[in-house]
Amino acid sequence: MKVIIAGAGIGGLVAAMCLKRAGFDVTVFDAVSELRPLGVGINIQAGAVRILSGLGLEPALAATGIETRELRYANKHGQTIWADPRGRHAGLPWPQFSIHRGELQMILFNAARDLLGAECIRFGRRIAGFEQNGSKVTARFVDRDGKPVQSVEADLLIGADGIHSAVRAQFYPHEGPPKWQGILMWRGVTVGKPFLGGATMVQAGHHTQKFVCYPISKAHAERGKALINWICDLYMGEGASPPREDWNKPGKLTDFLPRYRDWKFGWLDVPGVIAAAHTILEFPMVDRDPLPRWSHGRVTLLGDAAHPMYPIGSNGASQAIIDGEAITQELSVGDDPEKALERYEERRLPPMARIVESNRRKGIDVMLDIVEERAPQGFRNLDDVLPPAELDRIVADYKKLVAQDRETLLKLAGHH
Ligand SMILES: Cc1cc2nc3c(=O)[nH]c(=O)nc-3n(C[C@H](O)[C@H](O)[C@H](O)COP(=O)(O)OP(=O)(O)OC[C@H]3O[C@@H](n4cnc5c(N)ncnc54)[C@H](O)[C@@H]3O)c2cc1C
């Protein structure tokens, strides 16, 4: 069976490898003329590392990124609210990795090229539209100037073309731009000193002003340094209008650094880290409403094209990876491919819609707001501010929702 994937991002490349390994004939098309290691840091949860390990990629990830030991939530004074071991440190059979998105994409690209053959990953081909007739689908590709370059016929088309998906737009032409609720994000990378043991992901502050940071480079760690990926989230107020969602748009320090001037934790000088950045990018925190359907006949959606979500709880890349495995498993049943795409949607759409909606309600970050609201000046004893039972409930509910609880993860992997 011949499968076309539009988009050689994280989701598209993983889906291509899973499908190829299962015996499908796969070709990937991406709009860019060449892949460059773009972006800043990203996290891959243990449940998604399981799939990458199955593709033989764990050694490359371990050699490049940081095996995340702990996720720590803190208030804006740097006081710890909750700390949770991650991956193997939580007793799971797989690690969690914090890694540079561009480096992850290059690891995936090199592996996919080896597996599929270079001729099966085509660049400079932006999908412009498609037609299907019940037994075949024909995808039309254009170059960067919009000039038609190729039409390709296949049994199936997967739209893995990201937040501005053209495949999605053909099904939902009136959807409009992504949705914004007023939060702008500045993302940066800074070479600095290791903090909290060198493998901790920190989420500090509260909904309207947050600072997230984690180290992402093994090479830096080996030199006694940390390549710190950080994100500043700031609420811009009602009525602010969002900038265009461009992953490569540079950001300006003066737009946000002053707001973090006093964020000097004993263990991390936040303004110092921000000011020393060598890359700063600006991006609005956007998502889209969950769709009623992803699969229409022989065409479906995957990753951000299907379920763009706020980057809360490190789900974007991880869930895109899990989609690739799910679609492969359903197609491998070997019955009518349209039915397989429907089953893929039944399996993946409802849980992804729940994450999108939960992230709009702040997801697991709700603990930060509770502490900010009840103890804006900081606390002496956390239990007086956020009783353990309340905290446990927030955490357990979210882990269940995103299928990160131990039981679900082990079930997914066939462990008992
Ligand atoms: C350049 C870039 C930088 C990013 N940086 C970060 C980051 O720093 N941190 C973070 O958390 N997330 C980042 N993301 C988003 C993150 O990769 C995704 O949220 C997540 O990994 C889900 O992956 P995906 O494969 O669904 O989408 P993406 O990783 O966004 O991949 C989509 C792919 O489709 C291609 N494409 C787009 N339109 C078309 C078209 N019409 N035809 C063919 N191909 C098309 C794009 O070139 C891209 O390669 C970035 C995405 C991109 C594209």
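**View 1. N43 and its polar partner S98.** In this predicted model, the side chains of N43 and S98 pair up in a polar contact of 2.9 Å. N43 sits in strand β3. A second polar contact, also 2.9 Å, links the N43 side chain to that of Q96. Is N43 buried or exposed? It counts as buried, because its relative accessibility is 4% and the cut-off for buried is under 20%. Skipping neighbours within four places in sequence, you'll find N43 in contact with T68, Q96, F97, S98, M201, Y214, S314, A317 and S318.

**View 2. D287 and its partner R360.** Here the side chains of D287 and R360 are joined by a polar contact of 2.7 Å. D287 belongs to strand β19, which covers residues 279-287. With a relative accessible area of 0%, D287 is buried. Which residues does D287 touch, not counting those up to four places away in sequence? They are P178, K179, P308, M309, Y310, V356 and R360, so R360 turns up both in this list and in the polar contact, while D287 itself is buried.

**View 3. Polar atoms around the ligand.** Let's zoom in on the ligand and begin with D304: one of its polar side-chain atoms lies 2.6 Å from a ligand oxygen. V40 uses its backbone instead, with an N or O atom 2.7 Å from an oxygen atom of the ligand. G41 also has a backbone N or O atom in the picture, 3.5 Å from a ligand nitrogen. How much of the ligand does the protein bury? On its own the ligand exposes 920 Å², and the protein buries 89% of that.

**View 4. The shell around the ligand.** Elements giving two or more residues to this shell are α1 (10-21), β3 (41-44), α4 (101-116), β9 (126-132) and α8 (316-332). In total, 31 residues surround the ligand, and the closest are G11, D30, V40, R101 and D304. Sorted by class, the shell holds 14 nonpolar, 10 polar and 7 charged residues.

**View 5. M367 in the largest nonpolar core.** In soluble globular proteins, nonpolar side chains tend to be buried together. The largest nonpolar core in this model has 139 residues. Which of them touch the most other members? That group is I5, L52, I81, F211, W230 and M367. Take a look at M367: leaving out residues up to four places away in sequence, it touches Y73, I81, W82, L386, L391, I394 and V395.

Terms used: Residues numbered from 1 in each chain as written. Predicted model: local features only at pLDDT ≥ 70, side-chain atom pairs only at ≥ 80, totals over all residues. Heavy atoms only, no water. Helix = DSSP H or I, 4+ residues; strand = E, 2+ residues; numbered from the N terminus. Buried < 20%, exposed > 50% of the residue type's maximum accessible area, 1.4 Å probe, protein only. Polar contact = N/O pair within 3.5 Å; in protein donor to acceptor, adjacent residues only side chain to side chain. Contact = heavy atoms within 4.5 Å. Near = heavy atom within 4 Å. Areas by Shrake-Rupley, 256 points an atom, 1.4 Å probe, with all protein chains shown as cover. Nonpolar A, V, L, I, M, F, W, Y, C, P; charged D, E, K, R; others polar. Core = buried A, V, L, I, M, F, W, Y, C linked by side-chain atoms within 4.5 Å.
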